[in-house]
Amino acid sequence: MSPVSSGTILGATESLCPVCLSRLPALRVLRGNTVFLERSCPSHGAFSVPVWRGQPAMDAWRRPKRPSLPPAPRDGGKSGCPFDCGLCPDHGQHTCTAVIEVTQRCDLGCPVCFASAGPGGPADPPLPVLARRLSDLKGAAGECNLQLSGGEPTLREDLPDIVRAARAADLAFVQINTNGLRLGREPGYAGSLARAGLASVFLQFDGSDAACTALRGRPLLNAKLAAIDACAEAGLGVVLVPTVARGVNDRELGEIVRLALSRAPVVRGVHFQPVASFGRHPWPRGDGCAEAGPTLPEMLTGLVEQSQGMLRAGDFHPPGCEHESCSFSGSFLRLPDGRLEALREQGGECCDEPLLASEGAAVSRSFTARQWAAAQPASPLPAQPDDFDLFLARSATANRFSISCMAFQDAWSLDLERVRGCCIHVQADDGRLIPFCLYNLTAADGRTLYRGRCP
């Protein structure tokens with residue numbers, strides 16, 4: 001295809017029309033400091049959407065990988081990627097994190113919900129059905145971390161039983177994705193999940209009450225802090241997960257990190273997620289991108305600028321697991337004076353030799369399970385500690401902290417090269433594993449590609 005407008009072509013890929021979801025050839029085009037994903041639909045015209053703005057440059061951020069195929073790929077259908085996913089043999093990354101949605105009900109009605117969840121909704125899958133799916137998961141996905149999601153999973157009275165079923169299925173790291181309301185208001189509830197084998201809480205946390213009101217419909221900051229306190233008492237690790245919207249809370253990044261550090265070691269890190277146009281009320285996208293989340297380099301720059309000198313751009317690196325345009329992360333030591341010291345333990349430095357995707361996945365999976373679970377204190381120091389004793393004490397997991405960001409793809413920004421490198425897969429009702437962004441993909445009119453359509 002010809003470029004929609006002038007600029008430097010960085011590469012060719014495929015995308016979809018955000019209106020009709022037809023597969024289209026696409027180009028990544030650099031104009032100024034912004035990379036646009038450009039394509040043209042015969043029926044709905046041209047689309048030019050910013051996907052990378054600022055530094056580091058997209059070309060400098062690239063981290064080539066050798067594919068690591070899913071252990072049990074399903075045959076691709078006649079329609080091809082992304083319409084016959086399951087995962088197919090063309091997928092270049094096996095599962096690092098599997099997501100199972102245990103309910104579509106929720107006690108909030110957030111304007112930005114990717115699942116369009118709320119009160120009511122379809123009946124929850126029964127526990128025996130979920131137990132069977134959990135048992136089948138390891139054969140389809142191999143070694144992976146598990147996230148129980150929804151809807152709001154804590155609305156299920158049998159959630160501790162689901163956690164126990166996951167542990168019985170030999171899934172060692174089990175996390176819930178939650179708004180935290182029940183955790184904070186019901187004494188002992190977090191403890192019941194911990195006793196069942198839960199390791200970590202992926203806590204929706206958007207910052208100030210003003211940000212919560214815009215993104216969730218009401219002020220929730222105190223409820224979130226109460227959830228953190230309950231998890232601390234129960235011995236659960238917590239990861240704060242802010243949805244970041246331009247003009248809403250993109251100036252609160254530094255404050256969120258400082259709040260998270262003030263609640264360490266129960267808060268193990270912050271995982272930022274720029275808002276994407278899928279789910280409830282998908283937003284129009286265009287050159288201005290006024291209602292969309294910041295791009296990945298804008299998030300990195302914002303974190304550094306708002307950190308009051310605590311963070312540097314060089315503290316963060318591309319992922320070793322998913323496609324390099326999907327995320328960045330940094331691992332740190334919390335020092336006694338409140339500063340952060342960057343660690344380099346994850347092999348995050350880019351190199352000329354392509355990384356085997358399975359190696360990156362193994363490191364990422366292990367790091368996530370170790371870092372996001374409850375902190376383990378250091379062993380007591382001997383009476384006369386040497387430098388190595390002091391190093392081990394300082395490096396205990398209680399002193400470690402992670403900051404990461406994942407930029408999801410919606411129907412406007414979907415790049416099939418990125419999709420094929422995805423390692424976060426939703427298990428559909430029929431057992432198929434679908435890349436997260438494809439599962440939640442929503443056309444401009446609200447029509448979905450997979451959600452609600454899988455048998």
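Predicted model: local features only at pLDDT ≥ 70, side-chain atom pairs only at ≥ 80, totals over all residues.

The protein comprises 13 helices and 18 strands. It has 455 residues, of which 58% count as buried. As for its contacts, among those with a separation of 6 or more, 71% are between residues 24 or more positions apart.

Four strands, in the order β1-β2-β3-β4, make up an open sheet with antiparallel pairing. Its edges are β1, residues 8-16, and β4, residues 45-53, each of which pairs on one side only. On average, and ignoring direction, neighbouring strands in this sheet are turned by 25 degrees against each other. Between β3, residues 34-41, and β4 there are eight bridges, in the antiparallel sense. Within that pairing, Arg-39 has Phe-47 of β4 as its bridge partner.

I come finally to His-271, which is located in strand β12, residues 267-274. Is this histidine, His-271, buried or exposed? His-271 counts as buried, because its relative accessibility is 9% and the cut-off for buried is under 20%. Its side chain makes a polar contact of 2.7 Å with the side chain of Ser-404. Beyond its neighbours within four places in sequence, His-271 also touches other residues, including Phe-202, Val-239, Leu-240, Val-241, Pro-242 and Trp-372. Cys-405 and Met-406 are in contact with His-271 as well.

Thank you for your attention.

Conventions: Residues numbered from 1 in each chain as written. Heavy atoms only, no water. Helix = DSSP H or I, 4+ residues; strand = E, 2+ residues; numbered from the N terminus. Buried < 20%, exposed > 50% of the residue type's maximum accessible area, 1.4 Å probe, protein only. Contact = heavy atoms within 4.5 Å. Pairing = 2+ DSSP bridges. Axes fitted to C-alpha atoms, helices over the stretch in contact; angles between N-to-C directions. Polar contact = N/O pair within 3.5 Å; in protein donor to acceptor, adjacent residues only side chain to side chain.
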